[in-house]
Amino acid sequence: MGLFARFRKRSADDLDREGAGFFPLYESQRAYEPDDDFGDRRTHGRPDFRAWDDRLSRLDGYVAREERRRLPWWRPAHWRGRRKRWWAVRIVAGFIMTFFVLVAWLAITAPLSKSLEPIAAPQVTLLASDGTPIARSGAMVDEPVEIEDLPPHVVEAFLAIEDRRFYSHWGVDPRGIARAAWTGVGGGSTITQQLAKFTFLTPEQSLTRKAREALIAFWLEAWLTKDDILERYLSNAYFGDNQYGLRAASMHYFYRQPEKLLPQQAAMLAGLLQAPSRYNPTKHYGRAKARMDLVIGAMVEEGYLSEAEATALPDPRLDVRTREDLPTGTYFADWALPIAREGFKPGYERQVLTTTLDSRLQALASRVTGRAALGTAQVALVAMRPNGEVVAMVGGKDYSGSPFNRATQARRQPGSTFKLFVYLAALEAGWEPDDTITNTPIESGSYRPKNARERYSDEITLEDALASSSNVAAVRLFNEIGSERVIRTARALGITSPMTEGDPSLALGTSTMTLIELTAAYAGIAANEFPVRPHAFVQEEKGWWEWFTTPSDSLSSGTHDDIEQMLRAAINRGTGRAATLPIANFGKTGTTQNYRDALFVGYAGDLVVGVWVGNDDNTPLDKVTGGGLPARIWKDFMRGALSLKPSPSPSASPDPAGPIQPFDIEDGAEIPLDDRGSMLRIEDGEVSVTTRVEGVPVEFRIDDGGLAVEPAEPER
């Protein structure tokens with residue numbers, strides 16, 4: 001009965017009485033126990049299907065999430081089904097992480113110290129070896145300003161027109177941008193953004209650049225105080241007329257230190273920043289005045305000035321004191337300045353550098369090349385000492401017409417001047433100047449050069465071959481000793497230009513190089529110490545370590561005597577006879593194919609000079625050879641140079657503005673005494689000195705009655 005009792009139909013009363021029962025036909029013998037998740041499984045004798053559906057749904061969701069989690073992160077399905085809150089939290093976290101990564105990147109790639117450096121290279125004045133100024137280049141920059149030393153109205157003028165909420169925003173000011181767009185007053189960028197722009201970024205106009213600008217502005221605000229940012233901004237901003245920084249601008253326009261600026265002067269300077277060229281008061285005073293009025297109006301709106309104070313401000317009077325102008329560039333200066341700036345440390349100091357240039361030799365070189373019968377051709381001349389000190393340089397007929405330097409930048413074929421390396425390599429290989437070589441036409445092989453005017457002989461000595469510039473003899477000698485030896489000799493003498501091994505035309509100078517490079521190689525022969533490096537500034541003597549690590553080379557006395565004997569023959573009885581001097585002279589002519597280049601390079605006394613004549617477009621000259629016009633220019637220059645007396649020693653502190661010429665002072669002339677504008681005037685037996693004491697003009701006058709001190713015309 002017990003077995004069949006399981007299948008006996010029971011009433012609800014029976015189940016209630018027994019307290020626990022079983023579902024009909026249910027396999028499990030376990031008693032039913034209600035749980036919290038599903039409640040009572042029985043509802044009027046049936047299972048709770050809704051509870052089962054909920055549980056199965058949660059189970060399906062768990063399985064789906066697990067499957068999605070196991071998918072690779074790059075699969076789109078991995079990210080589907082995420083809740084909005086999940087996405088929002090992670091997007092915010094991503095932005096925060098990206099911000100910190102970018103700030104860290106800026107700390108490495110945009111060093112904070114860069115904002116301390118002037119944004120333009122400071123001015124450099126180059127002096128000749130005797131102290132004569134020859135060129136001035138670079139921007140006018142001056143010492144940085146300090147906010148605590150400036151009068152309040154100076155700072156307020158810049159804040160009113162450039163960034164009214166400077167001390168309250170975090171580098172980017174949305175309210176300021178909106179106000180600038182609505183009123184047209186002020187700029188959309190904050191002072192911090194402007195500092196970021198001209199210190200770290202390029203002036204391109206793009207959304208990417210603006211985003212970088214804003215990011216750097218936040219970074220600057222995090223690392224610097226507000227006063228630090230404002231000081232760096234005022235010390236580097238461009239005010240027109242090549243003036244960078246408030247100190248340089250205030251001295252240039254008003255001849256006042258920024259600590260002494262008057263309110264109207266500060267307002268005019270603040271107005272320049274938006275468009276320095278358009279509002280330049282030296283050229284457009286009316287525009288500058290209108291802009292100044294706008295700045296003063298902004299100062300009134302911000303409460304920096306009252307209406308009465310603003311109305312009482314007079315128009316500022318300019319006090320621009322120009323010194324004697326120097327050219328910003330010359331052929332020599334353009335070559336020397338990049339070399340000089342390589343050793344400069346970033347800073348605001350103006351530099352005055354003494355070069356190796358000899359002002360008298362430079363003037364002589366200009367006269368000699370200027371009076372040469374060049375026609376439409378160009379000319380280049382470089383003169384140096386045997387140690388490489390460049391004392392004169394001409395890079396073309398007219399610098400203003402073409403600043404391209406044909407002495408240092410043009411790469412032209414040297415022609416037969418290259419034969420120096422061929423014959424020197426032969427001498428080092430054991431040949432003698434009296435040894436002979438075949439001088440008949442070359443009638444075999446793919447390269448068959450010819451001698452000028454078809455002059456040949458059965459044999460010729462090496463000395464005569466160089467003197468007459470025999471092409472066939474040079475090529476045969478080149479083939480005898482090998483191209484490797486010739487190239488090695490040229491490299492030892494300082495030639496760095498490419499040279500092709502195994503090319504017999506190399507013997508006739510078909511490789512290209514600069515005139516200064518070729519002249520320096522001849523200087524190595526003159527000094528018998530090479531390689532010679534041309535330089536524009538006096539170099540210190542080598543220390544023992546430098547002497548040990550960078551040794552120089554030289555020729556044996558016998559080889560040196562032989563090559564000089566051959567070079568002297570070339571100039572005295574060879575193709576260079578037009579360059580003969582009454583003293584010992586050495587040189588070689590060079591003419592390239594179809595008369596495209598004509599050269600003469602040689603030395604005498606303590607000067608090594610190279611001359612080139614040719615056309616910029618490489619078209620043929622009118623049958624000009626190296627023994628013609630270049631040789632005559634070389635001789636003309638050398639005769640004048642060797643007749644000059646030794647140049648005087650430079651003064652202890654040369655005046656960068658240049659000497660006053662003539663030296664006889666005319667009655668009534670004004671003489672500058674210093675770089676602060678002090679002037680000396682001599683007239684009718686009276687001597688007066690006008691200077692400034694704490695920004696106030698004062699005149700000291702000495703006459704028969706003694707010393708008198710009077711105020712000069714006051715600043716309006």
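Okay, let's start at glutamate 146, which sits in the loop between strand 3 (140-141) and helix 5 (152-162). Helices (H or I, at least four residues) and strands (E, at least two) are DSSP runs, numbered from the N terminus. Keep in mind that this is a predicted model, where local features need pLDDT of at least 70, side-chain atom pairs count only at pLDDT 80 or more, and totals for chains, interfaces and linings use all residues. Residues are numbered from 1 along each chain as its sequence is written, and side-chain values use heavy atoms, with hydrogens and water left out.

Patch members have over 30% relative accessible area and no salt bridge, with like charges joined within 9 Å and nonpolar side chains (Val, Leu, Ile, Met, Phe, Trp, Tyr) within 5 Å. A salt bridge is a side-chain nitrogen of Lys or Arg within 4 Å of a carboxyl oxygen of Asp or Glu.

Now over to tryptophan 52, in helix 3 (residues 49-70). Tryptophan 52 is partly exposed too, at 40% relative accessible area. Trp52, Leu56, Leu59, Tyr62 and Val63 make up a nonpolar surface patch, together about 490 Å² of accessible area (Shrake-Rupley method, 1.4 Å probe; for residues, only the protein chains shown count as cover).

And the whole chain? It has 23 helices and 17 strands, and 44% of its 716 residues are buried.

Conventions
Buried < 20%, exposed > 50% of the residue type's maximum accessible area, 1.4 Å probe, protein only.
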